[in-house]
Amino acid sequence: MTLDGGDRRCIQLLSELRRLTLQVPSGIVIHLIATDPAAPLDLPAWCHLTGHTYLGLMPAADRPTYTMQVSAGAAITDPDRPWRPTPAEP
């Protein structure tokens, strides 16, 4: 599955990626095309935060393409701030 982020900033990309990971079954591999210079740092950090598996940069792609696998039981992040985990219920 491919998410073409084009030249969008990472915050918007993470929001779209968050939404996508909630819609697909675990095990799906997502290829994120992103030209934002922060993507090589933000995507692995987001995967680490949520528990999804970061698989790295795809070699020989025409545009920067990062690969991750959706993991079962991954942490859900805040819809408005996808870099923050959803607060625990009291």
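I began at Leu 3 in this predicted model, and found that Leu 3 stands opposite Leu 32 in strand S2. I then looked up how the two strands are joined: 3 bridges link S1 to S2, which covers residues 29–33, and the two run parallel.

Next I followed the sheet as a whole. I noted 4 strands forming an open sheet in the order S1-S2-S4-S3, with mixed pairing. The edges are strand S1 (2–4) and strand S3 (53–57), each of which pairs on one side only. I recorded a twist that averages 20° from one strand to the next.

I turned to the helices. Helix H1, residues 10–23, packs on the sheet and touches S1, S2 and strand S4 (65–69), and I noted that the direction of H1 makes about 160° with that of S2. Helix H2, residues 39–50, lies across S2, S3 and S4, and runs at about 5° to S4.

Which residues make the contact between H1 and H2? From H1 I listed Cys 10, Leu 14, Leu 17, Arg 18 and Thr 21, and from H2 I listed Ala 39, Asp 42, Leu 43 and Trp 46. Sorted by class, the contact of H1 with H2 holds 6 nonpolar, 1 polar and 2 charged residues.

Technical notes. Residues numbered from 1 in each chain as written. Predicted model: local features only at pLDDT ≥ 70, side-chain atom pairs only at ≥ 80, totals over all residues. Heavy atoms only, no water. Pairing = 2+ DSSP bridges. Axes fitted to C-alpha atoms, helices over the stretch in contact; angles between N-to-C directions. Contact = heavy atoms within 4.5 Å. Nonpolar A, V, L, I, M, F, W, Y, C, P; charged D, E, K, R; others polar.
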